[in-house]
Amino acid sequence: MKQKTIASSRVGSKKSTSESQQRLGEKTQKKGVVTVIGLGYVGLPLALLAEQKGYELYGIDHDERKVADLRRRNVSYLTPKESRELKKSRIHVSQNDVRYVRDADIIIICVPTPVYEDHLPNLEPLKAACEFVGAHLRPNQLIIIESTVNPGVCEEIALPILEERSGLSAGTDFFFAHCPERINPGDSTWNVRTIPRVIGANDSESLERATNFYRSILEGEVKPMNSIREAEAVKIVENSFRDINIAFVNELAMSFDTLGIDIKNVLEGASTKPFAFMAHQPGCGVGGHCIPVDPYYLISYAAKNGFTHRFLSIARDINNSMPRYTVETLSELLEKDPETPPIEGSTVALLGVSYKRDVPDVRESPASVIHDELVTRGVTVRTYDPLLPEYSNVTSLTEALQDADAAIIATDHSEFRSLRPENFLEEGVRVVVDGRNCLPKEEFLKAGIHYKGIGR
Ligand code: SAJ
């Protein structure tokens, strides 16, 4: 069957007499008009890709400064390639131009879905986006939510807002699908163009239109699911899978510390098994916008429906305990060395603020928990992250290490992975806690450094 393009399914594209302004995209030779709401590291790469694939692009973001930066075609959170694409882009950007909703064929919501301090999901940004879209929704539009949500959020929260505000019915008057975002910051292979996606909808027309759209812009597989809830569940499952596997090796690391077994060597050994084993790595904690957040969505939603996720909860507790475990490890190392002071009153170089190697991103970063724990214990903390000067209180590695009593590696940035014993010894640092097991342990021990990793 001839693939239905968005343009061919457009209705209302004729200027109605009541419209005072020309409809956006009315004269476009493009495949259709797409509006992305939420122009962060998920929405903006998607918008740029859709534009390259022949759609006319509009973007809405509530952040005034981000809108100004985007109009200047200059934001910090894109890859070099995406930054170049942005400079060539003709995307129209606004904080709240209602025409961007009213006149679009497809509206894709990519706003954040963080959690509150108590780990319960904060759906306010998503609700606000649905309110804005619902108020200007028109027949025949396709609305897609990419934001990560737990099963039930689309049907129980998003859709009711869209229908109540518009007076239209999903599946008949307008179309709705969920395509959970997948992005791996810092990964040059798997990006918005190549990562496979799943799509869920509750009616065949919505599923077909959303599947057609994504297949018209993506190179990766686009897998239709049987329902919205299945698509919501896929995302939560894949990230909870990662969280529990990291918790597994974190618990092993703490156990092996008491047994004097090197977890990194053991995982390398286990990885020689060519099937049924997938190594993860222990560390000083689990950060980022996905892994430490998404399981809480399922934990809280299942609890409301009478099921307690004990395993997911224990995994979250283990991973959340790793920053403090890292500081405890340092305290014990300092106690062992008669030439160094106890942790209280010491000076410590905290190397790395970002949650992930070679990525400038502090969200849910374990480093900030380590920092606060050190300060609580009376430590003078020198924080240095080469990718995040605005979060550093010293401007160089030398300044961080100079006469410090100890150093903690909290992020395995390339700059830190290349450090060798002499880099520490020449600044007088003889105690090193490697929170990402990224340094050559034996070399450091041979050089007389009190080295401790996480589980090694
Ligand atoms: N981490 C460990 N041990 C591991 C792997 C990660 O402690 O074995 C820590 C990292 O240091 C980081 C956190 O967990 O603090 C998250 O690491 P991540 O590699 O999962 O990085 P993210 O948050 O960028 O995860 C993204 C996710 N993408 C989306 O959710 C859309 C995730 O699905 C991917 O699995 C992940 O990238 C990836 O594969 O790298």
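Q: Hi! What is the strand order in the six-stranded sheet, and is the pairing parallel or antiparallel?
A: Hi! The six strands form an open sheet ordered β3-β2-β1-β4-β5-β6, and the pairing is parallel. Strands here are DSSP runs of E with at least two residues, helices are runs of H or I with at least four residues, and both are numbered from the N terminus. Two strands pair if DSSP finds at least two bridges between them.

Q: Before we go on, what kind of model is it, and what are the ground rules?
A: This is a predicted model, where local features need pLDDT of at least 70 and side-chain atom pairs count only at pLDDT 80 or more, while totals for chains, interfaces and linings use all residues. Residues are numbered from 1 along each chain as its sequence is written, and side-chain values use heavy atoms, with hydrogens and water left out.

Q: How many bridges hold β1 and β2 together?
A: Strand β1 (residues 33–37) pairs with strand β2 (residues 56–60) in the parallel sense over five bridges. T35 has Y58 as its bridge partner in β2.

Q: Where do the β4 side chains point?
A: I106 and I108 point one way from β4, and I107 and I109 the other way.

Q: Which residues have the most contacts inside the largest nonpolar core?
A: I109, L126, V133, I143 and F176 do, in a core of 42 residues. A nonpolar core is a set of buried Ala, Val, Leu, Ile, Met, Phe, Trp, Tyr and Cys residues joined through side-chain atoms within 4.5 Å. Helix α6 (residues 153–166) gives the most to this core, with six residues. Apart from it lies another core of 37 residues, among them V42, L44, F175 and A201.

Q: What does I109 touch?
A: Leaving out residues up to four places away in sequence, I109 touches I37, L126, A129, C130, V133, I143, I144, I145, E146 and S147. Contact means heavy atoms within 4.5 Å.

Q: New topic, T148. Where is it, and is it buried or exposed?
A: T148 is in the loop between β5 and α6. T148 counts as buried because its relative accessibility is 5%. Its side chain makes a polar contact of 3.3 Å with the side chain of E181. A polar contact is a pair of N or O atoms within 3.5 Å; within protein, one must be able to donate a hydrogen and the other to accept it, and residues adjacent in sequence count only if both atoms are side-chain atoms.

Q: Now the ligand: which residues come nearest?
A: Of the 19 residues around the ligand, I183, N184, R242, Q281 and Y355 come nearest; a residue is near if one of its heavy atoms lies within 4 Å.

Q: Which atoms lie 2.7 Å from a ligand oxygen?
A: One is a polar side-chain atom of N239, and another is a backbone N or O atom of Y355. For G287, a backbone N or O atom lies 2.9 Å from a ligand oxygen atom.

Q: Last one: what is the order in the five-stranded sheet, and why is one side of β10 and of β13 left without a neighbour?
A: That open sheet has the order β10-β9-β11-β12-β13, with parallel pairing. β10 (380–384) and β13 (450–453) are at the edges with a single partner strand each, so one side of each has no neighbour in the sheet.

Definitions and conventions
Buried < 20%, exposed > 50% of the residue type's maximum accessible area, 1.4 Å probe, protein only.
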